[in-house]
Structure formats: structure tokens, C-alpha cells
Amino acid sequence: MWSSLRALFAYPFMVNAFRAGTIVAIVSAAMGWFMVLRRQSFAGHTLSLVGFPGAAGAILLGLSSTLGYFAFCVGAAVIIGTAPRPATRANYRDESAVIGSVQAMALAMGFLFVSLYHGNLNGLTSLLFGSFLGITSGQVIALLVIAAGALIALGLIARPVLFASVDPEIAAAAGVPVRVLGIGFIVLLGVAVAETSQITGSLLVFALLVLPPATAHVITGRPLLGIAISVVIALVVTWVSLVIAYYTPYPTGAFITTLSFGTYVAARTVRWASDRSRSRGAAVVPGAAS
Amino acid sequence: MSSLVPVLASVTSIFSHSFMRDAFLAGTGIGASCGLVGYFVVLRAQVFTGDALSHVAFTGALAALAAGFDLRLGLFGATVAVAIGMGLIARSGRADDVVIGSVFAWMLGLGVLFLSIYTAGSSGANGTAGVSVLFGSIFGLSAGAAQAAALIGACVCLGIVVIARPLLFTSIDEAVAAAAGVPVRVLGIAFLALVGVTAAETTQAVGALLLLGLLAAPAAAAHLLTERPLRGLALSAAFAVMAVWAGLALSYEIPSLPPSFAIVAVATSTYAGAAAWAGKVRARGNRMMLGSDMESGLEIAR
């Protein structure tokens, strides 16, 4: 077992895959925790899809796909963040329809760019589903620098963002710049998504961005502990998936999503069972069930 | 009169190809069902559900291919089953964000797994299967498949018309509808099943990844233009069918445009046009209301 793991790290591409996977897992799990708290998973999903035409367009123009990912994800984040906030349920309804349409349009444009690029279908699959196993050392360093910047920025605004997310009205009344923080957070989310997309592809970003944080939210409501749990789950899932993918002919993304979904379901089941037994125990004292 | 001749000539040339006739036949059924179902999807704020089902469609289709079945079996089976399942899990038939997000992240991962099993097993001959499920291949539909798509589209439209009234009531005020004896939960689940069928249908035309464009954009445009439900439903269906027709014609005239891109582009432009128009009308309304607004503003300021 140990020697086979050592054999795994004998390949530079596996070492780079582990380094990149680690960086991406930490950033997406931390950022995702706030995203799930703020109920912005639909927006996060849109950002990840918008990266696809960005990367495809950049390749069509002969630029690097990294540039395309960052330009489109951050650009879309600014647009989503500065768009008028939904105040009522009717507005929320319109907003989700707009996001849905924008998503489909973004994917359609990506598809157009790829087919204009003389139909390199392998390129299409790797843009959508990622290529965990072809990362250069230069890319790892770029990922690390950007991840560090994004995490520091998140650390700086974490407390007010937490306050503003839990109760926007009271936070606004207490003088917290709720709107500016919202824009700042979604731009950071755009950076995290662009970063993750390069490794997992546009379609599977969500697996690292939503599932580990959602699991953490099921386990605990405490912020610091929750973020830590979320990061640990994302890291373990990524590492284990890389190892399995190395020994099987199947893509990493399939294992990342399956493992993180399994963790989420397990957490929900345990929570449900413990809630049930607690409420049965508390049934003796009426009104204590909740 | 003379300018009409080339237009007519190109129309006849479009319909002289059997694959174009099939595409128009299937596209009409798909567009109409998308428009009608989409109207309620937007009204009930279930766009996210439609999105999740699109990913399920991808996985279902590839699972069927990997197992050696007909693609449509997996497509319809998976979307309808998951739609009903989501209706059952979520309280009151409305699935919540994180549950849907989780399901579809996992679904996509499974889809990639099936894709790699399928492409590894079929010696590269069907290497484009993944792409055609993701982005559609309406020009590649057989005559039988096109007729089936049109028929299923008609059934979905009929289904929506049958449940339209109680569904509308439930969507606007669930609590009152439940109090009035409307079976809210059953209705919500039945509606989700219809969304599932529509998602599977639409996947054949514009692909799993783009179906949201046809489901959400025409419906959202209709919601912007009118508050009245019947007119909105009709408008939404008309927009969706027109988007499919215009998209097909565009991509016939400009071969480098994939049909699914053209259809989604037309649908989204329809929405953008409707938003611009609605904005202009609202601005005019605001100007007329400005006097009274300023008075109430002053009152608030005091």
C-alpha cells in the first residue's frame, strides 16, 4: 500500500495534480461555505458555466485559456453583483430566469467558439470536464498565488460578510456596507470559480464548491468549525479521487462528485437520525422538541 | 414583389430537405411544450429545478448508451424519475437550492463516468455521442424520432392545459389553494413530471446544456410583457416556437452556426428585447407617477 503510494508520487504530473487539487479544494471549500450560507449556489453555478465560453473564446483567439477563465468569471461576477438586488419574491423569480437564460447563452457561445475552432472535440471535453492530469508547475504556482490572494481577501471581509449574510437588515442598520460586501464577495467567488475551472472543467466546479460546504452546514452551524470541516472534506475527497483515478481508466471528476455527494448524504442521514432520536427523547417534555 | 422571390426560394429550399422538415416538425412540438411548461417554471421560481433536470438528462442518456439501450429510454426515464423524486423529497413539492445543487453535481459526475465507459467501449466510432447529448443534434433526428418528439410535445401541451387552472392558483398562493381543497402536493409533483418530460424532449433538440435557454428565456420574456396568465402562456409558447423556427432557418442559411446555438441565441434575444421594451414602458409609467412618488418620498423623508 505504502509503496504503491510512493510510486504514485514518482510521477511529476501526479505531484502537480495533488498540489493543484489541494489548492483548489481549499479555496473552493472556504469560498463555498459562504456561498451556501448566502444561498447563492445558483449564481456560483452560473459563474462556473460562464468560464466555458471565456476559455473557448480565448483559445479561438489564440490566447491562453487561463486568461479567458478569469476575464469571464470575474466579469460575470461583477455583472451579477451590481445587478439590482431582488427585494420581493417576484423579483427573485425574474432574477433566476435571467440567470438561467444567461447560463444557456454562455454555454451556447462556448459551443459556437469550439465549433468555429474546427471542431476539436477533445478540447471541448477537457474544457467542460477538466483535465486534472496535465498540469504544469507554472500553473500550480499561478493557482497558488491567486488562491492566496483570494483567501486573504476573504479573511479580511469574512466577519462583516458573515454578519451581512445571516441578517442583512440588522447588519445594514449597524452600518455594515451590505451591498459593497455582496459585490466584493461575488467577485471573490468568481476568482475561486475561475481557478477551480481550470482543473475540474466548467461543469464540475460545483462538486467542490457546493457539496463539501453543504455537508459542513449540515454538521455544524458554527462558522470557523464549519469552514474547517468543509476544507477537510474537500481535501480528502480530492486526494482520494486522484488516487482512484490514477488506478482506474475513469475520469477524476466522476469520483470527486460521487465521493462528495456520498459524504453529504451520510451527513444528512446521521443528522436526520439524531434529530429523530432527540425529538423522541424530548417528547416527554412537551414543546422541547424543537 | 420581386424582393419576395428569393425569400420564397430559400423557404422552399429549406423544406426540400427531409432533415429540415423533420427538424421543423420536432422543433415545433418541443418549442410549444417548452414555452408552456417554462411559463409555470418561471412563475413558480423553479428555474433551478429545470437546470438540474438538464444535467440529469445528460447522465440518463449516456447511462443508456453505456448500457447499450436506446438513448431516449435513459433520457425520459432519468428525467421523469428524478423530477418526481425531487417533488417527493422537498416539502410541499418545491425542492430547495442545496438539495438540487447536490443532486446535479453528482449527476454530472456520473454522466462523465458513463461517457468515458461508452467512448472507451465503442472504439471511438461514437466519440461524438457526448457532444450531441450536451449540445443537441436536431438535424440528426430520424423521421420516426421527429414524429415521436412532436407527439410527445403535443401530449405535454395537453397535460399543461388540463392542469393549468389549479396549477396557476397553487403557484400564486399555495396556502389559499390548499385551503380551497386543491391537491397542492400532487399537483406540484405532476407538474415536475411534465418538466422532466419536457427536459428530455428538449435535450434532443438543443442538448442538455442549452435546454434552459428554451425553457426560461421565452417564458421570462412573456412574464415581462404581460401579467395575465392566459395571454402569458400563449405568448411564451409563441416565443419558444418562433425561436426554434428562426434558429433552424438561421443555421440553415449560415452553416457555421450550430442550430442549438442559433435557437438559444434567438430565444435570449427575445428576452433581451422584451426587457428593453418593458423597461421603456416602466420608465414612461414612472414619469407619469413622478408627482405622487415625490409626495410619498417626502412623507418617508419626514
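Q: Hi! Before we count anything, what counts as a helix or a strand here?
A: Helices are DSSP runs of H or I with at least four residues, and strands are runs of E with at least two, numbered from the N terminus. One thing to keep in mind is that this is a predicted model.

Q: What percentage of chain A counts as buried?
A: Of its 290 residues, 49% are buried. As for contacts in chain A with a separation of 6 or more, 75% are between residues 24 or more positions apart.

Q: Let's pick one helix, α4(A). Which of its residues are buried?
A: The buried ones are Gly68(A), Tyr69(A), Phe70(A), Phe72(A), Cys73(A), Val74(A), Ala76(A), Ala77(A) and Ile80(A). Their cover includes α3 and α9 (178-200) of chain A.

Q: And what span should α4(A) have?
A: The helix has 18 residues, 65-82, so at 1.5 Å a residue it should span 26 Å. The C-alpha atoms at its ends are 26 Å apart, which agrees.

Q: Changing topic: how many residues of chain A are in contact with chain B?
A: 43 residues of chain A contact 40 residues of chain B. On the chain A side, the elements that give two or more residues are α3 (41-60), α5 (89-116), α6 (121-129), α10 (205-219) and α12 (252-282).

Q: Which of those gives the largest share?
A: That is α5(A), with 17 residues.

Q: I was looking at Thr215(A). Is it buried or exposed?
A: Thr215(A) is buried, because 29 other C-beta atoms lie within 10 Å and 20 or more is the cut-off. This residue is found in helix α10 of chain A.

Q: What does Thr215(A) touch?
A: Leaving out residues up to four places away in sequence, Thr215(A) touches Ile233(A), Thr263(A), Tyr264(A) and Ala267(A). For scale, Thr215(A) and Ser126(A) are 89 residues apart in sequence and, C-alpha to C-alpha, 28 Å apart in space.

Q: Over to chain B. How do α10(B) and α11(B) pack?
A: Helix α10 (residues 211-225) and helix α11 (residues 229-253) of chain B pack at an angle of about 135°, and their axes are 8 Å apart. That makes α10(B) oblique to α11(B). The crossing of α10(B) past α11(B) is right-handed.

Q: Which residues meet there?
A: From α10(B) there are Leu214(B), Pro218(B), Ala219(B), Ala221(B), Ala222(B), His223(B) and Leu225(B). They meet Gly232(B), Leu235(B), Ser236(B), Phe239(B), Ala240(B) and Ala243(B) of α11(B). By class, the contact has 10 nonpolar residues, three polar and no charged.

Q: Last one: what is phi of Arg39(A), and where does the residue lie?
A: Phi of Arg39(A) is near 55°, a positive value in a residue other than glycine. Most residues other than glycine have a negative phi. Arg39(A) lies in the loop between α2 (12-37) and α3 of chain A, and with 12 C-beta neighbours inside 10 Å this residue counts as exposed.

Q: And what about phi of Ala45(B)?
A: Phi of Ala45(B) is near 55°, a positive value in a residue other than glycine. Ala45(B) is in the loop between α2 (18-43) and α3 (47-67) of chain B. With 18 other C-beta atoms within 10 Å, Ala45(B) is partly exposed.

Methods: Residues numbered from 1 in each chain as written. Chains lettered and ligands numbered in written order. Predicted model: local features only at pLDDT ≥ 70, side-chain atom pairs only at ≥ 80, totals over all residues. Contact = placed C-beta atoms within 7 Å. Expected span 1.5 Å × (residues − 1). Axes fitted to C-alpha atoms, helices over the stretch in contact; angles between N-to-C directions. Parallel < 35°, antiparallel > 145°, perpendicular 65-115°, else oblique. Left-handed = near helix turned anticlockwise from the far one by under 90°. Nonpolar A, V, L, I, M, F, W, Y, C, P; charged D, E, K, R; others polar.
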